[in-house]
Amino acid sequence: MVDIDISYMGSIFNTARLSAGLTQEALAEQIGVTTRYIMALENEGKCPTLKVFLKLTRTLNIPAQALIYLESQYHDNEVQQLIRILQMLGDRDRHIIQATIYKMLAEQDETIAP
């Protein structure tokens, strides 16, 4: 059996939990484990069961591939954080942000054009 180091997952779970605005207690309650279990995952390199892993990725909106394929982790994590934040906003605020992004892109194109 090959020993696989998954200790890096703890910081990913921690970052996603904080981005989602959840305490360890709230996350534990949502996925049906103890707060101590969440602490062990985040801080002690504990390996989650497959069932807990699936619940964590779904609850925290973490693409499983970001945890498995580390080369895409950093970019995907940043994008996923932005998506989670946008999902928490109301329609009005999302429309404002969308308009702002379009404006920024248009200005960027103007500075690039000859």
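This is a predicted model: local features need pLDDT of at least 70, side-chain atom pairs count only at pLDDT 80 or more; totals for chains, interfaces and linings use all residues.
Residues are numbered from 1 along each chain as its sequence is written, and side-chain values use heavy atoms, without hydrogens and water.

**View 1. The crossing of helices H2 and H3.** Helix H2 spans residues 24-31 and helix H3 residues 35-43. Their axes (lines fitted to C-alpha atoms over the stretch in contact; angles from 0 to 180 degrees between N-to-C directions) come within 8 Å and cross at roughly 110 degrees. H2 and H3 are therefore roughly perpendicular to each other. Their crossing is right-handed (the near helix is turned clockwise from the far one by less than a right angle).

**View 2. The second largest cavity.** The structure holds two cavities of 30 Å³ or more. A cavity is a set of points on a 1 Å grid where a 1.4 Å probe fits but cannot get out; lining residues have an atom within 4 Å of a point. Helix H1 (residues 9-19) gives the largest share, three residues.

**View 3. Asn 61 in a loop.** Asn 61 lies between helix H4 (50-59) and helix H5 (64-68). Its phi is positive, near 55 degrees. Most residues other than glycine have a negative phi. Asn 61 counts as partly exposed because its relative accessibility is 28% (buried is under 20%, exposed over 50%, with a 1.4 Å probe and protein chains only).

Notes: On a 1 Å grid over the protein atoms alone, a cavity is a set of points where a 1.4 Å probe fits but cannot get out, and a pocket is an open set with protein on both sides within 12 Å along at least five of seven lines; lining residues have an atom within 4 Å of a point. Grid points are joined across faces, edges and corners, and a volume is the space filled by probe spheres set on the points. Helices (H or I, at least four residues) and strands (E, at least two) are DSSP runs, numbered from the N terminus. Angles under 35 degrees count as roughly parallel, over 145 as roughly antiparallel, 65 to 115 as roughly perpendicular and the rest as oblique.
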